[in-house]
Amino acid sequence: MDYVKLGHTGLDVSRICLGCMSYGIPDRGPHPWTLNEEESRPFIRQALDAGINFFDTANVYSDGTSEEIVGRALRDFANRDEVVIATKVHGKMRPGPNGGGLSRKVIMTEIDNSLKRLGTDYVDLYQIHRWDPNTPIEETLEALHDVVRAGKARYIGASSMYAWQFMKALDISKRNGWASFVSMQNYVNLLYREEEREMLPLCKAEGIGVIPWSPLARGRLTRDWEAETTRSESDTFGQGLYANTADADRQVVERVAQIAEQRGIPRAQVALAWVLQKEPITAPIVGATKLNHLEDAVAALDVQLTADEIRQLEEPYVPHPVVGFQ
């Protein structure tokens, strides 16, 4: 396993991050494809055995049960000082007012709830899951600063938003001497490259670590275009990520298949290799519900695509509507 610094910090993270949205009680949330605790634990153990030290979850995943499952597994299988635990805040955790968002009240409540579920005194990376248009960003940033100063989080990060919003937040934190975002968890893969226009150059210029979600486009890049899975048939959020670009997207999927066949490797390795070679990406967040998912992710670290292969993969792409910010 390769390890790199997360952006401009001194924190060492594996170049593959295990995404833990797939681990949780299936009937506790909108994701019926999630694996229960018994089914989840082998994947967390496999990740650790492969040298992965970076684990990403969120309070909203399966109504908090993802954090519980991940926390118990890491306590059983790992040394807390050797793993990097990331979680997120923003999603609605209870009905009624103040059940979600990024107000000071919500952040202070939810960090304690997440720590309790994870069974740890601190998280390494506490991220805002989305931008909250109903809360002043100054309120959010000061609350996050206080979370860091209280020792409940080592670093803070952000997720999908417009580049101008992210730059505004970075500037406000700098001017006030507050803890600042060190990472951006955004949507980047061969089927969605809009982040290359502004967000990735911004992160490179500011020394921000980039940990993209869904680097395999929810598995679309790993199977034939017509193929469906239980998740793809029930994932309403995922179904809305690709609108009016089907013809071009199909061509990209076919290019991945062609190069994978020429190299004699699984398609997932080709698609992940492209993400890993894209600057300034630090560690793609990879979900795993089959043992080969992690095997392919680790193997992708050794796949060096040629300039011609990258050209072939990127050539069919057309501009996509901006998605993933909600």
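Helices (H or I, at least four residues) and strands (E, at least two) are DSSP runs, numbered from the N terminus. The structure described here is a predicted model, in which local features need pLDDT of at least 70 and side-chain atom pairs count only at pLDDT 80 or more, while totals for chains, interfaces and linings use all residues. Residues are numbered from 1 along each chain as its sequence is written, and side-chain values use heavy atoms, with hydrogens and water left out.

The protein contains 12 helices and 10 strands. Its radius of gyration is 19 Å, close to the 20 Å that the globule rule gives for 326 residues, so the protein is as compact as a globular protein of that length; the radius is taken over C-alpha atoms, and the rule is 2.2 Å times the number of residues to the power 0.38. Along the principal axes, the C-alpha atoms fill a box of roughly 55 × 45 × 40 Å. Of the 326 residues, 56% are buried, where buried means under 20% relative accessible area, exposed means over 50%, and partly exposed lies in between (1.4 Å probe, protein chains only). Among contacts (heavy atoms within 4.5 Å) between residues at least 6 apart in sequence, 79% join residues at least 24 apart.

The protein exposes about 13,800 Å², of which carbon and sulfur atoms supply 48%; accessible areas come from the Shrake-Rupley method with a 1.4 Å probe, and for residues only the protein chains shown count as cover. There are 36 positive and 46 negative side chains, and the centres of the two sets lie 4 Å apart. In this count Lys and Arg are positive and Asp and Glu negative, whereas His and the chain ends are not counted, and the place of a charge is taken as NZ of Lys, CZ of Arg, CG of Asp or CD of Glu.

An open sheet is formed by 8 strands in the order β9-β8-β7-β6-β5-β4-β3-β10, with parallel pairing. The edge strands are β9 (209-210) and β10 (285-287), each of which pairs on one side only; two strands are said to pair if DSSP finds at least two bridges between them. Strands of a sheet pair through backbone hydrogen bonds, either parallel or antiparallel.

Within this sheet, strand β5 (residues 84-89) is joined to β6 by 4 bridges, and the two run parallel, with lysine 88 standing opposite glutamine 127 in β6. Strand β4 (residues 54-56) also pairs with β5 in the parallel sense, over 3 bridges, and the bridge partner of aspartate 56 in β5 is alanine 86. Strand β5 is mostly covered, since 6 of its 6 residues are buried: Val84, Ala86 and Lys88 point one way from the strand, Ile85, Thr87 and Val89 point the other way, and all are buried. For strand β6 (residues 123-128), 6 of the 6 residues are buried, so the strand is largely enclosed by the rest of the structure. Further along the sheet, strand β7 (residues 153-159) and strand β8 (residues 181-185) pair in the parallel sense over 3 bridges, and methionine 184 in β8 is the bridge partner of alanine 158.

Arginine 75, in helix α2 (residues 65-77), counts as partly exposed at 47% relative accessibility. Leaving aside neighbours within four places in sequence, arginine 75 is in contact with Leu118 and Gly119, while its C-alpha atom is separated by 32 Å from that of asparagine 189, 114 residues away along the chain.

Several loop residues carry backbone features of note. Most residues other than glycine have a negative phi, and most peptide bonds are trans. Asparagine 98, in the loop between β5 and α3 (104-118), has a positive phi near 65° and counts as partly exposed at 42% relative accessibility. Arginine 218, in the loop between β9 and α7 (230-234), has a positive phi near 55°, but arginine 218 is buried, with a relative accessible area of 18%. The peptide bond from glutamate 279 to proline 280 is cis, with omega near -5°, and proline 280 lies in the loop between α10 (267-276) and β10.
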